[in-house]
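I opened my notebook to look up charged side chains that pair with each other. Here is what I looked at.

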Amino acid sequence: MGSHMLEVDPTLASDKPRVEVHPLGIGGKDDPARLVFTGAEGKGYDITLSYFDDGYKFIGYPVDCTTPEAEMPKLPVAKQMWVPEAGVAEGSKQWMKYGGGHHTVLTLALSEDQLESLARLFKIDFINIK
């Protein structure tokens, strides 16, 4: 499951995104405004940019996105459920093997071909976990 307070693309939403203020509880800062919505269903792609001694690499995999099975009232943020097409166990194993990062980008709009083209434009490797 992916969830975040601020940097979330509202085009992933299955419902109308709302801006809400909720307590942060960490860092001693003011309570932030957050985008709150539930993600859509469909085929997607999750990708990260990682740096290694031989340069940057895109690491990603195709995913099946679903809506949560239950309401999550204590998670007042943008949220999206997804499962790697390779499966949770194999997808996680490969993600760690290739150095996939903690922060990712999820898209329901871009194809693998488009992401591969972007990697070529950047002149970086693209590790596509299947």
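First, the term I need: a salt bridge is a side-chain nitrogen of Lys or Arg within 4 Å of a carboxyl oxygen of Asp or Glu. The model I am reading is predicted.

Entry on the total. How many salt bridges does the structure hold? I noted seven salt bridges.

Entry on Arg18. I looked up Glu20 and found its side chain in a salt bridge with Arg18, at 2.8 Å from N to O. I then looked up Asp15. Asp15 also forms a salt bridge with Arg18, and here the closest N and O atoms are 4.0 Å apart.

Entry on accessibility. Are these residues buried or exposed, or in between? Glu20 has 21% relative accessibility, so I put Glu20 down as partly exposed, because buried means under 20%. Asp15 is at 32% and is partly exposed. Arg18 has a relative accessible area of 37%, so Arg18 is partly exposed as well.

Entry on Lys57. Which residue forms a salt bridge with Lys57? I found Asp54, with the closest N and O atoms 3.3 Å apart. I checked both partners. Lys57 is buried, because its relative accessible area is 14% and the cut-off for buried is under 20%. Asp54 is exposed at 58%, since exposed means over 50%.

Entry on the network. Which residues do salt bridges with shared partners join into one network? I listed Asp15, Arg18 and Glu20.

Conventions
Residues are numbered from 1 along each chain as its sequence is written. This is a predicted model: local features need pLDDT of at least 70, side-chain atom pairs count only at pLDDT 80 or more; totals for chains, interfaces and linings use all residues. Side-chain values use heavy atoms; hydrogens and water are left out. Buried means under 20% relative accessible area, exposed over 50%, partly exposed in between (1.4 Å probe, protein chains only).
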